[in-house]
Amino acid sequence: MTLLIWILLALVLGLLVLGGVLFIAPYNSFVRQRNAIQESWRQVDVELNRRYELLPNLIETVRAYAAHERNTLEEITQLRSRAVQMSQGTGTEADPQRAAVEQELTGAVRNLMVSVEAYPELRSNENFLELQRQLAETEDRIAAGRRFYNANVRAYNTKVESVPSNMVANMFHFEKATYFEVNDAVRRSPEVNFGEISYRDEKSVPGAEQHRELPPQA
């Protein structure tokens, strides 16, 4: 009888250990990784909101010196408004629709930064230089936060799809998380057409056409 009791206790203990290996440990791991994703996304969200705060001042500063960039400034204003509105309904991880708007906003801001090279007075304005510095630092923190967030998502999603942890994921409804992606085309700076910039400067200066160098006479 005593031997039978010990055998039953051993079986129960074995089942508990097996349950811990197959279910409890993976479940706790999923919880930790999900919390890491949520925390890393909050850091990204903070930096995205910081960019929203900087853009109105940047737009007004550029507008005072670069009236020709009206279309770009309007595009940034509209995209910022959409991004702010979407951020208010975003949960604890990236949303594909918001990521698409943020990608467009990033591209529009970088296009603007290239365009202002045609305006020396703007590039020497202290307020603009400070805004440019703060925006560059914010963009760097967004990129770093995005990489950290995506690394957490990658580890979590791998666990969701792997055996035997996928059984726990299916049982407790741990679904794959969403990456916060920005295409390489947006991360690269656009090409600058210096010929177009030169022509635009001449059009913006009264009498510039008269001073354009004439071709040599035959």
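This is a predicted model: local features need pLDDT of at least 70, side-chain atom pairs count only at pLDDT 80 or more; totals for chains, interfaces and linings use all residues.

Me: Which residues does Asn 166 touch, not counting residues up to four places away in sequence?
Reply: Asn 166 has its place in helix H6. The contact between H5 and H6 includes Asn 166 on the H6 side, along with Ser 165 and Ala 169. Not counting residues up to four places away in sequence, the residues that Asn 166 touches are Lys 159, Val 160 and Glu 161.

Me: How does helix H5 lie relative to H6: roughly parallel or roughly perpendicular?
Reply: H5 covers residues 126–161, and its axis comes within 6 Å of that of H6. The two axes cross at roughly 95 degrees, and angles of 65 to 115 degrees count as roughly perpendicular. So H5 and H6 are roughly perpendicular.

Me: What classes of residue make up the contact of H5 with H6?
Reply: From H5 come Lys 159, Val 160 and Glu 161, while H6 brings Ser 165, Asn 166 and Ala 169. Sorted by class, that gives two nonpolar, two polar and two charged residues.

Me: Where around the axis of H6 are its buried residues?
Reply: The buried residues of H6, which spans residues 165–172, are Ser 165, Asn 166, Val 168 and Ala 169. They cover an arc of only 160 degrees around the axis, so they sit on the same side of H6.

Me: Moving on, is Phe 180 buried or exposed?
Reply: Phe 180 is found in the loop between H6 and helix H7. Its relative accessible area is 3%, and buried means under 20%. Phe 180 is therefore buried.

Me: What separates the C-alpha atoms of Phe 180 and Ala 94?
Reply: Leaving aside neighbours within four places in sequence, Phe 180 is in contact with several residues, including Trp 41, Ala 94 and Tyr 149. Phe 180 and Ala 94 are 86 residues apart along the chain. Even so, their C-alpha atoms are separated by 5.6 Å.

Me: How do H2 and H3 lie relative to each other: roughly parallel or roughly antiparallel?
Reply: H2 (residues 70–87) and H3 (residues 96–115) pack with their axes 9 Å apart. The angle is about 155 degrees, and angles over 145 count as roughly antiparallel. So H2 is roughly antiparallel to H3.

Me: How many nonpolar, polar and charged residues does the contact of H2 with H3 have?
Reply: H2 passes H3 in a left-handed crossing. Among the residues in contact are Leu 73, Ile 76 and Arg 80 of H2 and Val 101, Glu 104 and Leu 105 of H3. By class, the whole contact has ten nonpolar, three polar and six charged residues.

Me: One more residue: which contacts does Leu 58 make, leaving aside its neighbours within four places in sequence?
Reply: Leu 58 lies in helix H1 and is buried, with a relative accessible area of 2%. Its contacts, with those neighbours left aside, are Leu 112, Met 113, Phe 128, Leu 131 and Leu 135.

Definitions and conventions. Residues are numbered from 1 along each chain as its sequence is written. Side-chain values use heavy atoms; hydrogens and water are left out. Axes are lines fitted to C-alpha atoms, for helices over the stretch in contact, and angles run from 0 to 180 degrees between N-to-C directions. Helices (H or I, at least four residues) and strands (E, at least two) are DSSP runs, numbered from the N terminus. Angles under 35 degrees count as roughly parallel, over 145 as roughly antiparallel, 65 to 115 as roughly perpendicular and the rest as oblique. A crossing is left-handed if the near helix is turned anticlockwise from the far one by less than a right angle, and right-handed if clockwise. Contact means heavy atoms within 4.5 Å. Ala, Val, Leu, Ile, Met, Phe, Trp, Tyr, Cys and Pro count as nonpolar, Asp, Glu, Lys and Arg as charged, and the others, Gly among them, as polar. Buried means under 20% relative accessible area, exposed over 50%, partly exposed in between (1.4 Å probe, protein chains only). The arc is that of the directions from the helix axis to the C-beta atoms.
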